[in-house]
Every structure is written in C-alpha cells, then in structure tokens.
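Here is a short report for a reader who is meeting this structure for the first time. Please look through the sequence and the model, and then follow the sections below.

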Amino acid sequence: MLFGCIICALLPVSLVLFSYLIYSFSLESWKDCDVPLRVWFYVAMFNIAYHINLGGRSLHRQVIRTVCRYQAPEQSLEIPPTRVRFYHWLTTVFVFSWHCIGLHWTRISLSCHQTAPNMFMATYLFASFNVFFTIFTVVSTYGLQHMLASLLRRGLLPSSMVDRAAPEGTLDLQQTVTFNPLEFGDALQCPICMEDFNKEHAIKKTVCGHYFHEGCLIHWLKVNRNCPLCRRDLASALSCRLVGNMVSICRSFAKLPDLTFLTATVSGSW
Ligand SMILES: [Zn+2]
Ligand SMILES: [Zn+2]
C-alpha cells in the first residue's frame, strides 16, 4: 500500500523530468558538449519508445512474442519461461546501466554545464531520478519478499496470513461438473475471472454449491481456503476426514480407549 502510494507520487515527478529533458534537448541539442549527451538522449528515447504500452501493445511485447515465442495467456498467474524472464532481466539491466552511464558523463564533463546548461541539467536530473527509482523498486520488492520469508521462518507472521491457503487435497473435495445451463441457473459466469462458462474449460462445484473454473479455483486455493462467494471453508471436510482416520487408527490399535466419546461424536456427525 505504502509502496503503491510512493510510486503514484513519483510518477508526476518522472513526467515533469521527461518533459524538461525533451524541451532542453530541442533547445540546445546543436550546442557543443564535451561528452556524448546527444547519443545518450537518443538511446534513452528509444528505450522509452520500446517499452511504452499502447492498448496492451508494445515493441517489447512484440519481441517476446516473435523472438522468445511466448504469448502470455490472458488473466493468468502463470510464471513465464526462463528465456522470457532472462530477456526481461537483460532489458532492465540495460536501461539501468544506460542511466548510470548518463549520470557518469555528466559527472566527468568539464564544459557541458556552461555550453549547454539545460541539456546538462536535464540529463543529470532524469538519469539520477531513474537510477534512484530502479534501486528503490528493486530494494522494495526484494526487501519485502525477504522480510516476509524471514518472519515466516521465525513464526512471527500472524496466523491469519499463513494459514489461509487450502491444504493439499482440498480441490479434490470439490465436485467436477460439465457445463449445463439448466443446472447452473443464474451462475453462468465464473465469479473469479468473470468469464462465461463453456464445455471446454473444466468446472468445479464447491461443497457450498458454487461454480468456478477449475483453473481459477486452483489459484484461489493457493492463497485462501474459503469460498470466494460465501466464505465457507472448502477444506473443512478434509479436517473431518483426517480426524475420522485418526480415530479409526486409534480404534484399530485399541490403545486409547478414552477416545470412544470422540469416535461417537465424529461418527454421529459423519
Ligand atoms: Zn474463471
Ligand atoms: Zn460458496
């Protein structure tokens, strides 16, 4: 939440600096400069044009489709293959390095701040901001991941954050059904992805009688064991079965006669 707010606050700053960069280069690009800031500017502009996203399309995505031969499925949590992640990493490192180079050139320049002061200052500010922004994003993301992992290992995370994922076998408790508009009534859409049901995608009917795509429910159960609609615990039957098995094992060994009352309770509720 805090991270999102900081990013939102930094976006206008980045837009202002970007406008200043364009303005200053259009004003002074013909002036002498003892470091190749013009080259830096053209490559930086190409980087931006390469990554800019217009209606879900960008050169970057196009390269992933044609060179890496990978098309990310719509509304999927799928982790891309190694070659795509490597390509993402490579482009990020290149952009970061290019801003570092821009910053370095402004630091070693002897006369550019006098011959082309706006161009010099705009490069210095834009490159510094982007170096800071990249480091901040990486540290925030990885720092948070490590902190959560460390808290998890030490058992310091609130149980409400750890225990929500459904235990293994929960999905198998939900009935697999085929799409039938008469049986489904008003529930013609998957409440998780809001897509219409059809006979091509596997559907699960939960123990509480709600319908979801099997794929959507798999992702949901990784983070929450309750039904997304009515909040009923979808794994409760699993715990009952576990207790039932334990009781039957206990009974077979006949070592815990005082569990008779529990056996009776569980059998009664079965
Ligand atoms: Zn769905
Ligand atoms: Zn439900």
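Predicted model: local features only at pLDDT ≥ 70, side-chain atom pairs only at ≥ 80, totals over all residues.

Residues are numbered from 1 along each chain as its sequence is written, and chains are lettered from A and ligands numbered from 1 in the order in which they are written.

## The chain as a whole

The protein chain has 12 helices and three strands. Of its 270 residues, 15% count as buried, a residue being buried if 20 or more other C-beta atoms lie within 10 Å of its own, exposed if 12 or fewer, and partly exposed in between, with C-beta atoms placed from the backbone. Among contacts between residues at least 6 apart in sequence, 58% join residues at least 24 apart; two residues are in contact if their C-beta atoms, placed from the backbone, lie within 7 Å.

Ser14 is found in helix α1 (residues 2-28) and is partly exposed, with 14 other C-beta atoms within 10 Å.

Helix α2 (residues 37-51) has 15 residues and reaches 21 Å from its first C-alpha to its last, close to the 21 Å expected at 1.5 Å a residue, where the expected span is 1.5 Å times one less than the number of residues. The buried residues of α2 are Leu37, Trp40, Phe41 and Ala44. Seen down the helix axis, these buried residues fall within an arc of 100°, so they line one face of α2; the arc is that of the directions from the helix axis to the C-beta atoms. The face turned away from this buried side carries the exposed residues Val39, Phe46 and Ala49.

Three strands form an open sheet in the order β1-β2-β3, with antiparallel pairing; two strands pair if DSSP finds at least two bridges between them. At the edges stand β1 (175-177) and β3 (211-213), each with a single partner strand, so one side of each is left without a neighbour in the sheet. The twist averages 40° from one strand to the next.

Strand β2 (residues 203-205) pairs with β1 over three bridges in the antiparallel sense, and Thr176 stands opposite Lys204 in β2. Helix α10 (residues 214-223) lies across β2 and β3, running at about 90° to β3; axes are lines fitted to C-alpha atoms, for helices over the stretch in contact, and angles run from 0 to 180 degrees between N-to-C directions.

## Two loop residues with positive phi

Met194, in the loop between α9 (181-184) and β2, has a positive phi of about 65° although it is not a glycine. With 9 C-beta neighbours inside 10 Å, Met194 counts as exposed.

Arg231 lies in the loop between α10 and α11 (236-253), and its phi is near 70°, a positive value in a residue other than glycine. Arg231 is exposed, with 10 other C-beta atoms within 10 Å.

Conventions
Helix = DSSP H or I, 4+ residues; strand = E, 2+ residues; numbered from the N terminus.
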